[in-house]
Amino acid sequence: MRRPTEAEGAAGHLAVRLLGPVGARLGGERIELGPPQQRAVFAMLVLRRGHVVGVGQLVDGVWGPAAAPRSAPSAVRTYVWRLRAALEPDRPARTRNRSGLIVTAEDGYRFPASAIGVDVDAEVFAREAADRSGSAEAVYERLTRAVGRWRGVPLAGVPGPWAERRREQLTESLAAAREELCAAALALGRYGEVVAELRAMVGEFPLRERSHGLLMTALQRTGRQAEAVRVYEEACEVLARELGARPSAELRELRHGLRTGRTAPSPARPGAPGVRPSPPSRPAAAEARRPPGAPAAGGPAVPHLRPDRPAEATAQLRRPPLGAGGGRGGRRKTAAPLPSGIGYFTGRGQLVGEIRDHLLRARPGPGRAMAVATVTGIGGVGKTALAVHVAHGLRAAFPDGQLYVALGAGAVPADPAGVLADLLSVLGTPSDRLPLDPEERAALLRTLLADRRVLLVLDDARDAAQVRPLLPGTAGSAVLVTTRAPHLVLPGARSFAVDVFTEAEAVALLGTLAGSARVAAEPEAALALAESCGRLPLAVRIAGARLAALPRHGLGAFGARLADTATLLGELSHGDHTVESAFRLGYRALSSAQARAFRLLSLLDAPDLPLPVAAALLGMAEDAAEDLAEALVDAGMLESPAPGRYRLHDLLRLYGRRRAESTERAEDRAAALRRVLALLYDSAVRVARTALPDDVPSPAWLRAAGGSGLAFEDTEQARTWFRAEHAVLTSAVEQSLASVPDALGPAVDLLTLIAVCSLFPSRGHYEDACRLAGQAARRAEEAGEPEYRARALHTRAWLSCLVGEYAAAETDLRAALGWAEEAGDGRRLHISGVLLALVLRATGRVGESEAAMARAERFAGDPDDPASPAGFARFVARLHVAVGADRPPSGLPLMTPLMRRVDTQGTSLVRARGVVRLGAALSGLARSEDRPGTS
């Protein structure tokens, strides 16, 4: 809290504060100025000291001519009466109309300009900002004090059109003063100290050419000519786009100097041309002279840390929002005090405790080492928020201060040499004593921090090479690094991985932002909304902020807007914060080969990707694919939950697919999915041949496998692979059916194998395959392919039989027979007819079963031809086992001509028992663990 000065604390002294929230102190004690409209009246009278402000002017200024109520003049008089009571509490109520501070004059009121003991911060600011007397150092210090009087948005909390106009005027005055302060700093040779402030100025006021010119000069004087040229180019772009104008002659002259190598002239102090700047009398002569309370939106241009007490640096340095980028090619942020923490930080309790405990090991003493912690995770997972939260909780443990450095691991990450220069400047090193050699700068940093206890937060590091030069060299200090690279290795560091929120954490954050009552009223909608956000903290925070801005919207209605993946990323934006921008930073840092790999790997909707599938998507050998995938892991664009497996967050996959759709040709995207389909089909054929050799349909029913499938050493390995890759198999089928031209046949082939293998570990997997069979049937109907529709319906019927859903199986089989007849497919008429007969038998309809079997027998074909339906006698026997379970029906009629010739068990195959024996011998399904419905 700001303490009043001795003068302000004197009895009767009135200190008025307008450069921020409007307030006043009388004799050092805060006085109550009343409701917003009353504060507006007070501000109007104070800022027009010495002038009469009519009641009508006050009404128009507070409410506006069109919006003022009839009672407005009476309200103004009431406000004035209350203000007089607050400003002169010792004056009797009956004499308040004779106030010495708010004087009644004509048809209005006047705040006397000559009132003794009145101090208005806006007036003091204007005097200090305009005073150019004295030395260059005196001008600099005076401007620092002037800018430091600002505490936020001027006239904050004051409504009305008058306040809006004055707010703009005051903000313009502040911008001019900040420019003057930067010019004064440059005149003193403090080039590196003003770069961050001037970048902020250019971002806030892109049309102010003087800010661009000052930034160009500061960059040139610090040896960063290329960045200075980019600043000029950006100024040209924004002026042409917004105003249709060219840069001024002064700005063009600066650019000419950069082109010719001529050093830009150091800006002279206004009013004193030709004054040669003198160096500071001691290192950082003006360190920490800024008055406390400078605003985040317009703090002093050159904030410093005291060399001996860095913790006194203000935390209100002007900074872009977290995750925001800066000008092209330049560093987005430099070394600065720790940003403010998030007031609604949620969850992470155990992780916070572990990181805190690790950093507290940074104790000076024999045998102790510096503590380093790295926080890793994908973009948007909350690494920066976590690091800042931990750092704020460790203030007492690091009494010499906490420093924050944004390393900006985007397309142009911060150069360690430049960051070292900023850190040394913040720690009090004058620019004329800054070593030119980066190694010498690193050595000087270690020297300055050797006897201090400082916590250094290095945010968004790209790799270890960027971080190592910035590390302190001795115990006592600690370093907290955030990075997207999970494999970033630093000496003695411990890594902490940050994952997405748990369901409880995501819903809790929604409640904090949108209102706990709303979340409690719609708990299922809140959970669904969190899942739509992938429980990514940034996405949940944005969704919560949007809900907070829409207090009348239900969670369910808003969640429905997030259900459409085509618009999901666009919905996850609020103000300057977007999920897409967080992903874009990482994407822009990739090489062209890595970016293309990221786009192709995002095409498959699978929870994770085994390396062979990743290689198929990329169309390259596994070794090369692994190198690219691991590079994406290091860049934080891909995760690796286990060796040889890779995973994309749902929202990151959606972003990558958008990039692929705008970059890759449609035929190339389809080709990538066809490669995956071929790999999985060939592998499934090998699974069936290895684990179930007698159940693989003949080539007449399925296309021949290629050579891209995986090899399996034994039955157990084949079964394990099939069960582990269920999600990948079904994802490939589903996407191929939905979006890959000419993939209907291969997709139905793979789906047939999935059904035939029958190695599912759970009922849910059966349901997945049934759903895909229905999707395949619809797709075949749309494509005019009756044969594939018949096959898909038969597959779904077979799956229904395995779980005892005979009614659904009968419906599908009758439809399949109709489509098979339209296609003229005798093989399908036979095999679907036999399965229908067995289903009818299983439901006790013996007569219908015999008729169906008789119809099916007409299409049996040649028993000696393995490609004919008769060659499927073994498979038909297994169908009987499936529907007969432990009580095979008796009196089963002749099924195929082949069965009439086979009697290996000495029992007539005309009888049901013989069929069951044959099925058990050929398929091994008599084992209880393989019976339908078992898991």
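A residue counts as buried when its relative accessible area is under 20%. In this predicted model, cysteine 533 has a relative accessible area of 0% and is therefore buried, since 0% lies under the 20% cut-off.

Cysteine 182 is likewise buried, with a relative accessible area of 0%. A disulfide is a covalent bond between the sulfur atoms of two cysteines. The structure holds zero disulfides. Alanine 443 has a relative accessible area of 31% and is partly exposed, because that value falls between the 20% and 50% limits.

| Residue | Relative accessible area | Class |
|---|---|---|
| Cysteine 182 | 0% | buried |
| Cysteine 533 | 0% | buried |
| Alanine 443 | 31% | partly exposed |

Of the contacts in the chain with a separation of 6 or more, 68% are between residues 24 or more positions apart.

Alanine 443 is placed in helix H14, which covers residues 438–449. The C-alpha atom of alanine 443 is separated by 9.0 Å from that of proline 472, and these two residues are 29 residues apart along the chain.

Two helix pairs can be described in detail. Two packed helices are described by the angle between their axes and the distance between the axes.

Helix H6 (residues 161–187) packs with helix H7 (residues 195–204) at an angle of about 150 degrees, and their axes are 11 Å apart. Because angles over 145 degrees count as roughly antiparallel, H6 is roughly antiparallel to H7. The crossing in which H6 passes H7 is left-handed. On the H6 side the contact is made by Ala175, Arg178, Glu179 and Cys182, while H7 contributes Glu197, Leu198, Ala200, Met201 and Glu204. By class, this contact of H6 with H7 has five nonpolar and four charged residues, with no polar ones. Cys182, one of the H6 residues in the contact, is the buried cysteine listed in the table.

For helix H1 (residues 36–47) and helix H3 (residues 72–87), the axes come within 10 Å and cross at roughly 75 degrees. An angle from 65 to 115 degrees counts as roughly perpendicular, so H1 is roughly perpendicular to H3. Gln37, Gln38, Val41 and Phe42 of H1 make the contact with Tyr79, Val80, Arg82, Leu83 and Leu87 of H3. The residues of this contact of H1 with H3 divide into six nonpolar, two polar and one charged.

Key. Residues numbered from 1 in each chain as written. Predicted model: local features only at pLDDT ≥ 70, side-chain atom pairs only at ≥ 80, totals over all residues. Heavy atoms only, no water. Axes fitted to C-alpha atoms, helices over the stretch in contact; angles between N-to-C directions. Helix = DSSP H or I, 4+ residues; strand = E, 2+ residues; numbered from the N terminus. Parallel < 35°, antiparallel > 145°, perpendicular 65-115°, else oblique. Left-handed = near helix turned anticlockwise from the far one by under 90°. Contact = heavy atoms within 4.5 Å. Nonpolar A, V, L, I, M, F, W, Y, C, P; charged D, E, K, R; others polar. Disulfide = S-S within 2.5 Å. Buried < 20%, exposed > 50% of the residue type's maximum accessible area, 1.4 Å probe, protein only.
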